[in-house]
Amino acid sequence: MIKNEKLKQWVAELEAHMTPDRVHLCDGSQEEYERLLAMEVERGAAIELNPELRPGCYLFRSDPSDVARVENRTFIAAETEDEAGPTNNWIDPVELKQTMSELYRGCMKGRTMYIIPFCMGPLDSPHSRLGVEITDSAYVVTNMCIMTRVGTPVLEMINAGRPYVAALHSVGYPLEPGQEDLPWPCAPMEQKYISHFPETREIWSYGSGYGGNALLGKKCYALRIASVLGRDEGWLAEHMLILKLTSPEGEVFHICGAFPSACGKTNLAMIEPTLEGWTAETIGDDIAWIHLGEDGRLWAINPESGFFGVAPGTSYKSNYNAMKAVEYNTIFTNTALTDDGDIWWEGMGGPAPEHLLDWQGRDWTPDSGTKAAHPNARFTVRADQAPSIAPDWEAPQGVPIDAILVGGRRSDTIPLVYESLSWQHGIFMGAIMGSAITAAVISDQVGQVRRDPFAMLPFCGYHIGDYLRHWLQVAEQTSADKLPHLFSVNWFRQDEEGNFLWPGFGENSRVLKWIVERCRGLSGARKTAVGYVPGTEDIDLTGLDITADQLADLLTIDRDKWLAEVASIRHNFESYGPKLPAELWQELESLEQRLQAMA
Ligand code: OXD
Ligand code: MN
C-alpha cells in the first residue's frame with residue numbers, strides 16, 4: 001500500500017488526468033510477471049515460445065515505426081538552454097509540460113495504469129537510487145521487472161521517506177469504448193516525447209513503447225538524470241560495461257568500458273578469453289555508477305539487474321554466455337520466429353531456416369532479400385542467468401576499477417589499442433571518441449561516424465562541456481596512482497577491401513592482457529604521438545593465426561589520417577562552445593604538434 005503522501009498525491013493527480021480504467025500497484029512477484037505475460041499472449045500482443053525449446057520465453061513484435069531510441073524526440077528540459085548544452089534537444093520546461101500535459105489528458109482511457117516502484121542498484125547498496133514508473137504498458141512492466149529491482153521492498157523504502165525519481169510513461173494510444181487495442185500501441189513520431197526535467201529529477205515519456213524510450217530506469221534515469229545527480233553530488237553515471245578479469249596467477253582486475261550503443265559492450269562484458277588461464281566474469285553490460293571510495297580509488301556498481309541486449313550477431317561463438325542466458329525466461333522483441341516456435345536472428349550461427357516469420361510476422365525465406373530480425377531486435381534477460389555473472393556482481397560498494405576503456409566502431413585511423421599519456425590526456429581520449437552510428441537509434445545517418453564523448457552523447461543530461469570538466473575534476477579528489485589507467489580500443493579496423501583486421505570477441509582477451517599488465521607496469525609499449533601503443537611483441541599472439549605484420553597494421557599511427565582526425569575534432573570541439581575545458585583544447589594542440597613532429 002502506498003503510504004508516502006507525495007506519491008499518493010501524484011498517483012491521484014495522474015489518475016484524474018489520464019483517466020485509466022484500472023490502477024495496479026506492482027508487487028514485483030513472479031506470479032504478477034507471469035500473469036501479465038499471459039494477458040499479453042491472450043490479447044495477441046505476445047507469443048509464448050515453444051516451452052520445449054525455449055521455456056518461459058515470449059516474443060513481442062513492435063509497431064514497425066517504433067523500433068529503437070528516438071534521439072530527435074528526446075529532450076533535456078533544463079531551466080535554461082545553456083544548461084542542456086549544444087548536444088541536447090532543449091525545450092523550455094514550462095512549455096514542454098504544457099504540451100505533454102495535453103497529450104497525457106485521457107491518454108490511459110480503456111487501459112490499466114501500472115505503478116512500478118523500482119530500485120536502480122542492489123537494494124542494500126548505499127549508491128542505489130529509487131524510482132517510481134507509472135505506465136500503461138504491460139510490456140514495460142514485465143521488462144522493468146527484469147531490468148530493475150521492482151516491488152514491495154522498494155515501496156517500503158519510499159513509504160519510509162527515501163527520495164525517488166518520478167518517471168511517467170504512456171504509449172499514447174487511448175481506447176474509446178469498444179475500440180480494439182493494437183498489439184503494439186504507440187503514437188506517431190511527431191507526438192513522441194522522451195523528456196527529462198533535470199532540476200526536478202522527473203522523466204515524462206509519451207508515445208513510444210520501445211527500450212530506452214519506455215523502460216525509464218535505463219537511459220532516462222540511470223544515465224540522463226543520474227548524470228545530473230552525479231554532477232551535483234560528485235560521482236559519475238556512465239554508459240559503460242563492467243568486467244572482472246582474473247589472471248592465471250589469480251590476480252583480479254576490474255575494467256569499465258565506454259562504447260556507443262550496439263558496439264559490443266554486451267559481448268565484451270561476457271567475453272570468454274581465448275588465452276590460457278585467464279577468466280572473465282560479468283558485473284554489468286551497459287551502465288556503471290562510479291563513486292570515489294574511501295581508499296581513493298574509483299568503484300563501480302551496475303545499477304541494472306538485467307540485460308537488454310542486441311540480438312542480431314549474438315551466437316554461441318560470438319557470445320556464449322548471452323546465448324546460455326537467453327535459453328529460458330527471456331523476453332524477445334522483434335526477432336524472427338521459427339516454424340517450431342523458437343526465435344532466430346541474423347548472425348545466430350548456422351544456415352538460415354528455410355521458412356520463418358520475420359519480425360513483423362510476415363513469411364520469410366532466405367530469398368526474401370530482407371532481414372528476418374530487426375537489426376535492433378533485443379533480448380531482455382535477468383543478469384544472473386548469464387553463466388559468466390560474477391558472484392559479487394551485487395556487492396553493495398561495487399568493484400574497484402583498474403582500467404577504463406573508450407572506443408567505437410572505426411574502420412581506420414584508430415589503432416587496436418593505445419594507452420593515455422596522463423589522466424587529462426585520457427579524458428581527452430574519451431572526449432574525442434568517434435563511432436559509426438548503429439541501428440540502436442532511429443537515424444538516417446546509420447554508418448556515418450559521429451563524435452560521441454564517452455559514448456554519452458545521447459545520454460548526458462546536461463552540458464557536455466560541464467560533463468567533461470566533471471571528469472577532469474575526479475583527479476583533483478584523489479591521487480594519480482589511485483586512478484584507473486585509460487585506454488582506447490578499436491576492434492573494428494578494416495583493410496582496403498573492408499575485411500576486419502582483428503578477429504575480435506574472445507581474442508580481445510589478448511588486448512585485455514596487455515591492458516592489465518600495463519596497469520601493473522609489466523608490459524611494454526612505445527610512446528607515439530597519440531599515446532602508448534604496444535609493440536607487436538607486446539601482445540600475446542600464442543595460438544592465433546595472425547602475423548606480426550598484420551598486427552603492425554592494426555597498430556599503425558598514420559600521420560595524415562590523424563591530422564585529418566585532428567581537424568575533425570577541432571570542428572567538433574568548436575560546436576561545444578566556450579564551456580569545453582581549456583585543458584582539452586590544450587590536449588588537442590599538443591596532439592597536433594606531436595603529429596607534426598612525426599617523421
Ligand atoms: C542500449 C542503447 O539499449 O545504448 O543500451 O541503445
Ligand atoms: Mn546502451
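**Exercise 1. State the accessible surface of this predicted protein model and the share of carbon and sulfur atoms in it.**

Solution. The accessible surface, computed by the Shrake-Rupley method with a 1.4 Å probe, comes to about 22300 Å² for the protein. Of this surface, 50% belongs to carbon and sulfur atoms. Turning to burial, buried residues (under 20% relative accessible area, 1.4 Å probe, protein chains only) make up 59% of the 599 residues.

As to conventions, this is a predicted model in which local features need pLDDT of at least 70 and side-chain atom pairs count only at pLDDT 80 or more, while totals for chains, interfaces and linings use all residues. Residues are numbered from 1 along each chain as its sequence is written, chains are lettered from A and ligands numbered from 1 in the order in which they are written, and side-chain values use heavy atoms, with hydrogens and water left out.

**Exercise 2. Describe how domain 1 and domain 2 are placed and joined by contacts.**

Solution. The domain assignment, automatic or from a database, gives domain 1 as 5-44 + 70-234 and domain 2 as 237-306 + 392-596. Their centres, taken over C-alpha atoms, are separated by 32 Å. Contact (heavy atoms within 4.5 Å) links 38 residues of domain 1 with 34 residues of domain 2.

How values were computed:
Buried means under 20% relative accessible area, exposed over 50%, partly exposed in between (1.4 Å probe, protein chains only).
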